[in-house]
Amino acid sequence: MAMKNKPEILAPAGSYEALVAAVRSGADAVYLGTSAFNARMKADNFAGEKLREAVDYCHARGVKVHVTVNTLVFDSELKKAKEIIELIASSGADAVILQDLGLAYLFKQCAPDIERHASTQMSVGTLSGVRLLEELGYKRAVLPRELSESEIKEIKNGVTAEIEIFVHGALCMCVSGQCYMSSIFGERSGNRGLCAQPCRLPFAVQGGTGNDLSLKDLSLVERMDDIVSAGVDSLKIEGRMKRPEYVSAAVTSVKCSLEGSLQQDLTDKLRAVFSRSGFTQGYFESKLGRDMFGIRQKEDVTASTNKVLSDLARVYEKETPLIPVEFYLSVVEGEKISLSVSAMGKTCFVSDDAIPEKALNKPMTKESLSERISKCGGTQFYAQKIEIDLDEGLIVPASAINNLRRTALSELENKLKDVKAVNFTDTVIKTPSHEVTTPPKFHIRVARKEQIPSNLENVENLYLPINIDENSVESLKNSGINLGIDIPRGIFGNENKVENLLLRAKKMGINIAYCSTLDALAIAKRLGFEIHTGFSMNTANSLSAGVLEALGVKSLTLSPELTLKDLANIGGRVPRGIIAYGRLPLMLTRNCPIKNGKTCQECKINSFLTDRMGKKFPVMCNMGYSEILNSAPIYMADRMSEIKNMDFVTFYFTKEKKELCEAIIEAYKKGKKLGDASSYTRGLYYRGAQ
């Protein structure tokens, strides 16, 4: 296939061995983590001097390095975050991949010349969302895995930012950055790089697969023509926790597919080295459903034989000639022999003490010299062009020519490594403390109009479903409550529909938007709404709160993954609150697990998943996405005195009937205890998440 713009192949490097495998197999760039704040904290990673060594190795072979700093950061960790920024800046790495808005702001202040990429953990998957990232200074957006080919193309055609998508590797059931299951179950947060993958355990719906939260691995290796046509800039391979053979197989497969030379044998080896019941292209093809689900079976494990692994290891066991070099050799009578080498904009000039002599028998020829100079074996270089200035009738020892070539290429390698460090400034950022001395107001979010309670005293904001009808709005206009629209957390390809519904709400007199993602915020901001943010914006530190304030946010709901103590210490002027009641959505999914066992008509929004302990997790669907709710609600009515420095608390109603909603509000007014401790949870407000 003739390619206008060949996209970058971006490979995972969870260890030095995987890094070497990626580079020698033909990756254009690698992504890796340091000792902190990366989404694969259990990988080997590259701390301290190891990061510099990794960057040197890659740059000497023309490969870029993207450093993942793609987790949430707490205020107590901002000093450590600066140390990581300084390390990355000094290493000469090419880009950083970020999730946390506050950490991205810190990079901008301390090392503004480092290229910033928005991680898929930011959950940005709309045209408006990526345009907002552009305004914030991100050069690249890593899109969610859940997008279709047409949705990817629409975004790419509407932005100047680079677009990166995953083309091979594991699929999480949940949209990246929106999963709280691991942290709620065991305090190991996916937003902190420590996901325990509880979703791979049996979660079943009636008539389903038995593992209805476990998807097959993604593989778009055979769809490179379509991906290139969509204008994608970077092809990302998932797998920083996987072995070098997997990395090599995936990189080689993508490279061969781009070149139009992919063979079935390689595809078979790629599946053998790691898969979960095979691969899927479901999201890319807009073909969701049961066929996308799969688990790691015995057959998948045994397919990865020693022969398959050894065959793949041979691909990267030796140095690969990756970099084309131009040579200019001078062999002139009466002068020292000299050689200049040029590659990737760098040039080195070396000479040897050997002076050519008159040949007694067979003099050298340009052909014989060219053959010797071109022997770059054992290095990452290969001769692309050789020019020779040779006087007739001369001869020099072959060892002198070989030594000249080796010295020149060694110096060229050192020059390619010599990438200037990025300037780092230890900027001091002061954030005003936030102190609240009055009891928190009540904010209410309802999923359905039928839940709207009658007892609205002390309620400051009421967030209504986006499809609320005009009569319901009219009946609330004289209540003295601020009315807002809850923008769906999963927008995907429904941006125009969401926009039209928001404009309809504006005509009804509603000018407040409750935004739980940057996608929602971007749309609401463009349409002129007053913005209040939800829990899944993942605001976990004072700097993130400041970024949202600068974007015009009027109130924000803080991350549910922090303790009450940490939440109380987050600074800034913007009013803030927490989810004080509600079944926390543990997952946001585009693939409804209930459909594995029944139709939407059979479900009627009353279905649930059951885990291996018999606990039931309700599933709610809305506008093309699903939310898997916790088995028990957060309940803090009897602990309200322990919630400090919050301007409001939010009641996040999901499955409750109106009568229960009203009872909950009264319970919070009275500080009522619940008798059965097993019927509720305190969330992470006392445990916290790692």
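Which ring does the charged end of Lys 236 sit over? That ring belongs to Tyr 31, and the charged end of Lys 236 is 4.5 Å from its centre. Keep in mind that this is a predicted model, where local features need pLDDT of at least 70, side-chain atom pairs count only at pLDDT 80 or more, and totals for chains, interfaces and linings use all residues. Residues are numbered from 1 along each chain as its sequence is written, and side-chain values use heavy atoms, with hydrogens and water left out.

**Charges over rings**
- A charge counts as sitting over a ring if NZ of Lys or CZ of Arg is within 6 Å of the ring centre and within 35 degrees of the ring normal.
- Lys 242 gives another case: its charged end sits over the ring of Phe 274, 4.7 Å from the centre.

**Aromatic pairs**
- You'll find 13 aromatic pairs here (rings of Phe, Tyr and Trp, using its six-membered ring, with centres within 6.5 Å; planes under 30 degrees apart are stacked, over 60 edge-to-face, and the rest tilted).
- Take Tyr 635 and Tyr 680: their ring centres are 5.7 Å apart and their planes are at 50 degrees, so this pair is tilted.
- The pair links distant parts of the chain, 45 residues apart, with Tyr 635 in strand β29 and Tyr 680 in the segment after α22 (helices, H or I, of at least four residues and strands, E, of at least two are DSSP runs, numbered from the N terminus).
- Both Tyr 635 and Tyr 680 are buried (under 20% relative accessible area, with a 1.4 Å probe and protein chains only).
- Ring pairs also tie together a cluster that includes Phe 442, Tyr 581, Tyr 635 and Tyr 680.

**An open sheet**
- Five strands line up as β8-β26-β27-β28-β25, with antiparallel pairing (two strands pair if DSSP finds at least two bridges between them).
- β8 and β25 stand at the edges with a single partner strand each, so one side of each has no neighbour in the sheet.
- Two bridges join β8 to β26, and Phe 203 has Asp 611 in β26 as its bridge partner.

**Cavities**
- There are three cavities of 30 Å³ or more (on a 1 Å grid over the protein atoms alone, sets of points where a 1.4 Å probe fits but cannot get out; lining residues have an atom within 4 Å of a point).
- The largest cavity has a volume of about 140 Å³, and 16 residues line it, with Gln 99 and Met 122 among the closest to its centre.
- The second largest cavity holds about 100 Å³, and 14 residues line it, including Ser 123 and Arg 489.

Conventions:
On a 1 Å grid over the protein atoms alone, a cavity is a set of points where a 1.4 Å probe fits but cannot get out, and a pocket is an open set with protein on both sides within 12 Å along at least five of seven lines; lining residues have an atom within 4 Å of a point. Grid points are joined across faces, edges and corners, and a volume is the space filled by probe spheres set on the points. Buried means under 20% relative accessible area, exposed over 50%, partly exposed in between (1.4 Å probe, protein chains only).
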